[in-house]
Amino acid sequence: MSYLRLGLVALAGLAWFLLLPDYRTLGINLLLLAGWATAWDLLGGWSGQTSLGHAAFVGLGAYTVAVTGTSWDLAPWWGALLAMALAALLALLWGKLTFRLRGSYFVLASIAVAEILRLVAINERELTGGAIGLFIFDLKEPFGLDLFDRGVEFWLALGYLILVLAIAAFVTRGRLGYQMRAVREDEPSAEAAGINPEAVKLWAFAISGGLTALGGCLYGIVLSALQPQPLFEIHLSVRIALVAIIGGRGTLFGPLIGAALITVAAELFRNVFAEANLLIYGALIVIVVLFAPSGLLGEVHRWTVRRRYARGARG
Amino acid sequence: MEGLVPLLQNVTGGLLIGGIYALIGVGLSLIFGVMRVINFAHGEFVAIGMYLAIALFVDLGLDPYVSLLIALPAGLLAGWLIQRVVLARLIDSPGDSTLLATLGLSLVIANALFLLFGAEPRSIYLPYATATVNLAGIRLPVAQLIAGGITLAVITALWLLLNRTEIGRAVRATAQNRLGAELVGVNTRRVHALVFGLGMALAMAAGVILAPLLFAIPTVGSSYTLKAFVVTVLGGLGSVPGAIGGGLLLGVVEFLGASYLSSGYRDAYGLFAFLIVLLFRPQGLFGRETKRV
Amino acid sequence: MFSKVFALLLVLTTGLALAQEPVQIGVITSITGRFAEFGEQHQAGVQIALEDVNAAGGINGAPVEVVWEDDTSEVNAALAAAERLVNQGIPLVMGAYSSSITNPLAQYFTRQQRPFLVFTSSDDAITRPGSEWIFRLNQPSFAYAEVLFNVFDQLNADHGDGYLETIVTIHGNGAFETAVADAVDLLAEERGYTVLDRQDYDQSGADFRPILNRFKGLEPDVVFMVSYAADSVALARQIQEVGLNAKVFAGGAAGFALPNFIEGSGPAADYVYTATMWTQEVPYPGAEELNARLTEVLGRAPSYHAAQAYAGIITAVDVLSRAASLEPADVRAALEATDMPDTVYGHIAFTDYQGYQNQARLPAVAQQVQDGEFVTVYVNGQVVNPMLDTPAWGDR
């Protein structure tokens with residue numbers, strides 16, 4: 001069923017590509033944000049560990065491709081693999097340190113870790129180019145594809161999102177997925193049932209971080225000029241989390257719906273309301289939280305479930 | 001002897017700025033302690049205070065320290081309203097929804113300030129703001145001394161309110177056990193609104209005090225939000241005296257770190273301390289309780 | 001009756017057909033978000049420039065129109081806007097304020113092989129190495145440090161060698177501030193000064209006293225500061241509070257050149273040297289008049305960013321009216337051939353020098369705050385107003 005929906009996502013992507021040739025960059029932004037939010041949701045939604053530090057993985061991915069591609073002359077796909085490995089490693093370390101914290105404490109710790117990584121990116125100039133940053137002028141071309149062409153980037157971003165969705169579907173349907181939900185709902189009971197909560201959360205974090213970094217690699221190529229300021233900033237972390245939560249955490253397609261809604265709305269507001277766009281964006285978040293607390297898709301699920309029960313009771 | 005005066009200079013400087021951090025942190029900690037809400041808009045409340053002081057100064061020529069008398073009740077009222085309209089509806093919602101609501105609120109406030117005041121940095125110039133008092137070779141800036149005095153007065157008033165009045169009893173009861181408090185007849189809905197109002201009033205007071213010291217830009221709030229988090233975690237989330245200690249400590253650590261170590265990682269020192277405290281003393285540096293949340 | 005209406009319609013439509021299609025110029029800047037302050041300045045400059053060029057007949061008789069794109073101070077929105085402008089066939093696009101936005105834009109336009117005119121973003125890396133499609137009329141960040149070192153050299157010449165020898169630097173950790181601080185290191189070595197200490201700081205709103213206390217122990221001749229508006233005032237005030245004395249306080253542009261630096265700092269701003277890119281006292285025709293008009297539009301004194309936007313539009317119009325066609329290659333050729341000796345922003349022509357490519361070579365301007373006013377003291381290698389010695393804080 002959800003694999004069928006994956007096909008629909010691919011079709012929608014194709015339609016966007018054909019019908020909106022002027023909006024491919026916007027499409028790439030949407031697809032990447034959706035991919036990050038879906039990856040975030042593995043930890044934040046399915047395992048119940050809200051992170052406000054996922055920009056660190058985006059930055060790690062972008063910088064790894066830039067450093068390996070320009071200084072080491074490595075092809076970007078090797079750079080991407082390395083980035084994912086590094087991100088998974090970072091996630092394991094990060095999780096090992098902070099998973100003893102619960103709820104709000106974990107959220108705050110995630111902000112602190114990401115902020116420290118941002119300061120490292122600014123201060124370690126030898127590696128990252130510091131505040132002035134890094135440039136990607138040239139990359140090896142896989143199968144003769146020009147990675148700097150917006151069309152190619154669009155397809156890669158679509159492929160990335162579908163890959164993330166497929167992995168998320170696979171993981172959440174499987175054994176690990178049930179364990180993640182068990183840990184989210186009630187950690188002591190999960191432990192009593194023989195689940196190792198820390199191991200489950202670490203798996204979720206590593207997969208989530210690795211997938212986020214993969215999208216970061218592509219984002220780095222799209223930008224081609226990297227600076228720590230926009231990449232590692234808390235604003236990006238916040239946006240990734242918000243999109244997933246607005247769409248519906250712990251649902252497979254919620255983050256995608258959230259990303260689509262927010263990206264398109266931001267673009268519309270930018271042109272229509274000019275100066276008030278961010279204000280309306282903020283108000284929208286408050287409204288969604290107030291009137292659709294489990295996220296848009298979560299509300300739809302709740303509503304259909306309630307109707308099914310009502311019908312069952314009547315029948 | 002050579003290094004003693006600069007050292008004392010740095011320590012007093014750190015304590016003075018730390019006092020303002022404390023004032024911001026106390027409100028955040030109070031809100032968390034009673035309502036279990038992590039207020040992401042706290043820094044924006046500080047920004048509102050700054051702009052209020054600037055507007056009153058520019059339009060009415062009101063000295064910022066006088067406009068404190070307007071800022072405190074205005075903050076109380078605004079916080080009360082925000083709690084009633086937004087947060088009260090979320091009281092039984094899943095854990096992070098209040099965090100999200102305040103995040104949305106912070107965006108709304110920052111951009112409303114931008115629409116009202118424009119993006120250019122604004123400040124108040126008071127002739128006596130850069131004057132200093134010389135105390136045995138240690139220079140104490142007058143504006144910061146006033147700020148320190150006001151901080152002390154406001155925090156004392158808060159302490160009296162919490163510990164010496166019937167309202168304070170209700171607040172403390174709600175913080176310890178909301179259901180229990182309700183059973184013995186405390187109107188916890190009103191307590192929540194009051195606490196959020198108090199938190200906002202304290203943050204706005206800090207903003208008013210900061211207006212003559214620093215510049216205001218509409219996006220200034222987010223850095224104060226982060227600082228307030230560090231302060232409250234150092235002191236123990238939810239603990240008011242802890243937040244005061246945390247604020248003073250952060251001020252001194254930042255000063256000494258930037259003065260004697262490299263300043264590039266200055267904010268990282270605070271964050272490292274923050275993480276270490278979170279991991280190994282989640283009740284805060286000064287807390288005695290062993291279990292919270 | 002019907003025929004009358006028909007005739008009227010006919011007249012209207014033929015009249016419209018006779019008027020030429022307007023020529024469009026794309027402008028990407030930050031109208032909202034954290035850089036909106038500069039977007040406001042840009043809008044004022046563009047508005048006045050459009051009045052001027054359209055009053056002078058536009059581009060070969062066709063009116064000139066600007067297509068605004070707000071990047072909301074974010075790189076994603078800027079890249080999306082750039083794509084739209086390119087696909088709409090806008091012949092020339094200008095932008096953007098922050099280098100974190102302009103750098104990716106420059107990469108995009110280079111790859112699309114479309115000309116891009118940078119008019120306000122000053123990161124050295126935009127035109128060094130740059131590309132054949134990227135043109136910049138404003139001064140690169142190096143120029144901000146360079147003009148102040150010219151002032152230092154001049155002061156040494158006036159007071160005798162050895163007057164100024166040592167420098168301490170404090171700068172924000174953004175790309176621009178770091179680039180200027182790097183230029184300070186480089187120029188100090190080239191011209192025989194010693195940099196005793198260099199400190200950066202993270203977010204704005206920081207307390208600088210600990211760093212200033214540290215500087216105080218070093219007794220430097222020059223305190224070199226690079227920061228944005230909010231921090232420049234805090235720095236000036238705190239220097240006075242801490243009692244840090246030096247022979248020269250130098251502000252490497254950004255915050256120090258804005259009028260509210262003086263408003264906010266009061267007497268603490270006095271004697272501070274600042275680098276700026278344009279003032280009404282520059283020896284270019286019409287500078288004073290432009291300043292007055294910008295002041296009227298903005299309702300306050302403009303910053304040099306407004307003049308840069310003005311210069312951007314008149315350059316774009318000049319380029320498009322000379323271009324053989326509106327095809328990218330022709331517009332690029334016209335940009336390359338630009339030679340406008342008498343603009344209000346100086347002699348605009350794009351050249352290659354010192355590793356820069358397609359970079360207008362314009363000097364920066366040094367000002368000194370004297371008695372609560374910006375006074376232009378050094379332009380084009382010449383002292384135009386006397387430079388005052390900085391008294392110790394105790395003697396003011």
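**Exercise 1. Is Asn358(C) buried or exposed, going by its C-beta neighbours inside 10 Å?**

*Solution.* Keep in mind as you work that this is a predicted model.

Step 1: Find the residue. Asn358(C) sits in strand β14 of chain C, which covers residues 356–360.

Step 2: Count its neighbours. There are 25 C-beta neighbours inside 10 Å of Asn358(C).

Step 3: Apply the cut-off. A residue is buried if 20 or more other C-beta atoms lie within 10 Å of its own, so Asn358(C) counts as buried.

Step 4: Look at the backbone. Asn358(C) is not a glycine, yet its phi is positive, about 50°. Most residues other than glycine have a negative phi.

**Exercise 2. Work out where Asn380(C) lies and how exposed it is.**

*Solution.* Step 1: Asn380(C) belongs to the loop between β16 (373–379) and β17 (382–383) of chain C.

Step 1: Asn380(C) has 13 other C-beta atoms within 10 Å. A residue counts as exposed with 12 or fewer and as buried with 20 or more, so Asn380(C) comes out as partly exposed.

Step 2: Asn380(C) has a positive phi of about 50°, although it is not a glycine.

**Exercise 3. Describe the peptide bond between Arg128(C) and Pro129(C).**

*Solution.* Step 1: Read the omega angle, which is about 10°.

Step 1: Name the bond: Arg128(C) and Pro129(C) are joined by a cis peptide bond. Most peptide bonds are trans.

Step 2: Pro129(C) is in the loop between β4 (116–118) and β5 (134–136) of chain C.

**Exercise 4. Draw up a picture of the surroundings of Phe256(C).**

*Solution.* Step 1: Begin with the loop between β9 (248–254) and α9 (259–265) of chain C, where Phe256(C) is placed.

Step 1: Phe256(C) has 31 other C-beta atoms within 10 Å and is therefore buried.

Step 2: Set aside the neighbours within four places in sequence. Phe256(C) then has contacts with Ser232(C), Gly251(C), Phe261(C), Val272(C) and Thr274(C).

Step 3: Ala275(C) is 19 residues away from Phe256(C) along the chain, and their C-alpha atoms are separated by 8.0 Å.

**Exercise 5. How do α11(C) and α12(C) pack, and which residues meet?**

*Solution.* Step 1: Locate the helices: α11 of chain C covers residues 304–322, and α12 of chain C covers residues 328–336.

Step 1: Take the geometry. Their axes are 8 Å apart, at an angle of about 120°.

Step 2: Classify the angle. The roughly perpendicular range is 65 to 115 degrees and roughly antiparallel is over 145, so α11(C) and α12(C) are oblique to each other. Their crossing is right-handed.

Step 3: List the residues. Val319(C), Leu320(C) and Arg322(C) from α11(C) meet Val331(C), Ala334(C) and Leu335(C) from α12(C). Of these, five are nonpolar, none is polar and one is charged.

**Exercise 6. Describe chains A and B as folded units.**

*Solution.* Step 1: Take the secondary structure. Chain A has 15 helices and two strands, while chain B has 11 helices and two strands. From the N terminus on, the elements of chain B run α-α-α-α-β-β-α-α-α-α-α-α-α.

Step 1: For chain A, with 315 residues, a compact globule would have a value near 20 Å, and the 20 Å of chain A agrees.

Step 2: Along the principal axes, the C-alpha trace of chain A spans about 65 × 45 × 40 Å, and the C-alpha atoms of chain B fill a box of roughly 60 × 50 × 35 Å.

Step 3: See how much is buried: 57% of the residues in chain A and 60% of those in chain B.

**Exercise 7. What does chain B bring to its contacts with chains A and C?**

*Solution.* Step 1: Start with chain A. That contact takes 33 residues from chain B and 31 residues from chain A. On the chain B side, α4(B) gives the largest share, 12 residues. This side divides into 24 nonpolar, six polar and three charged residues.

Step 1: Turn to chain C. Here 32 residues of chain B are in contact with 32 residues of chain C. On the chain B side, α1(B) gives the most, with five residues. The side of chain B that touches chain C divides into 15 nonpolar, 12 polar and five charged residues.

Note on methods:
Residues numbered from 1 in each chain as written. Chains lettered and ligands numbered in written order. Predicted model: local features only at pLDDT ≥ 70, side-chain atom pairs only at ≥ 80, totals over all residues. Axes fitted to C-alpha atoms, helices over the stretch in contact; angles between N-to-C directions. Helix = DSSP H or I, 4+ residues; strand = E, 2+ residues; numbered from the N terminus. Parallel < 35°, antiparallel > 145°, perpendicular 65-115°, else oblique. Left-handed = near helix turned anticlockwise from the far one by under 90°. Contact = placed C-beta atoms within 7 Å. Nonpolar A, V, L, I, M, F, W, Y, C, P; charged D, E, K, R; others polar. Rg over C-alpha atoms; globule rule 2.2 N^0.38 Å.
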